[in-house]
Amino acid sequence: MSERDDIYTQAHDRVADFEFNTAVARVFPDMIKRSVPGYAETVAMSGIIAARYAKPHTNIYDLGCSLGAVTLAMRHALTAEGCRIIGIDNSESMLERAGHYLALDDDGPAVDLVCADICEYPIENASVTALNFVLQFIAPEQRLALLSNIAAATCDGGALILSEKIAFSEGEQSIQDTLHHDFKRANGYSDLEIAQKRSAIENVLIPETEDVHRQRLLDAGFSNVIRWYQCFNFVSYLAIK
């Protein structure tokens, strides 16, 4: 059972860099629901998009699967025969809880959970890959290689679902940040929590502009890139091979 996110309620002289540890895994569903506008829609639509682009007898990947919300959405939506879903995350704490949720839900294709670095894990025979709010935590110099590996392993007509927090020009950035903080306040976060979370994540989560994302996806080997969802500074793209 998820608990309420209370990680940043107490003031600290120095806020440690954010990491997906046991404390975060404990509160992650509440944290992401209250921090990422449109998260529930992104999860649900990832399943619907996966069902549209999945090919029979291929692998469906959820990279950086955390607690498996997108994995489950895809599992429930897939209709193509012989598919296998592979969820990969480098946090043992996240995967332990993901395994519990998956054990309570055995409807749909087989699911493998793997503890690994998604930049090193071999992607093979893919028709759909989800990379939701994960690339932003990968070092910028490694991002093209990861996307190129995904594209090379994706069959013709397959797709990548990429969701990210993006950056804007200076004027728009200020407005988007203000609206995002208003969203957090409306969901019960205090100004102290907002400020400390921002300090924790500023050196860990490195957003980029939409132009950078689009061009890199094309450079990686995808032929068409569509922005299918946006809520404030959180965006989701569909990249088709």
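Analyst: On a 1 Å grid over the protein atoms alone, a cavity is a set of points where a 1.4 Å probe fits but cannot get out. Grid points are joined across faces, edges and corners, and the volume is the space filled by probe spheres set on the points. The largest cavity here holds about 60 Å³, and a search of the whole structure for cavities of 30 Å³ or more finds one. This is a predicted model: local features need pLDDT of at least 70, side-chain atom pairs count only at pLDDT 80 or more, and totals for chains, interfaces and linings use all residues. Residues are numbered from 1 along each chain as its sequence is written, and side-chain values use heavy atoms, with hydrogens and water left out.

User: Which residues line the largest cavity?

Analyst: The lining consists of Asp 5, Tyr 8, Ser 35, Lys 184, Tyr 189, Glu 193, Ile 194 and Lys 197; lining residues have an atom within 4 Å of a point. Helix H7 (residues 191-201) gives the most, with three residues. Helices are DSSP runs of H or I with at least four residues, numbered from the N terminus.

User: Why does Thr 42 count as buried?

Analyst: Buried means under 20% relative accessible area (1.4 Å probe, protein chains only), exposed over 50%, and partly exposed in between. Thr 42 has 3% relative accessibility, so Thr 42 counts as buried. Thr 42 lies in helix H2 (residues 39-53). Leaving out residues up to four places away in sequence, Thr 42 touches Asn 132, Phe 133, Ser 163, Trp 228, Tyr 229 and Ser 236, where contact means heavy atoms within 4.5 Å.

Methods:
Helix = DSSP H or I, 4+ residues; strand = E, 2+ residues; numbered from the N terminus. 1 Å grid on protein atoms, 1.4 Å probe; cavity = no way out; pocket = protein on both sides within 12 Å on 5 of 7 lines; lining within 4 Å.
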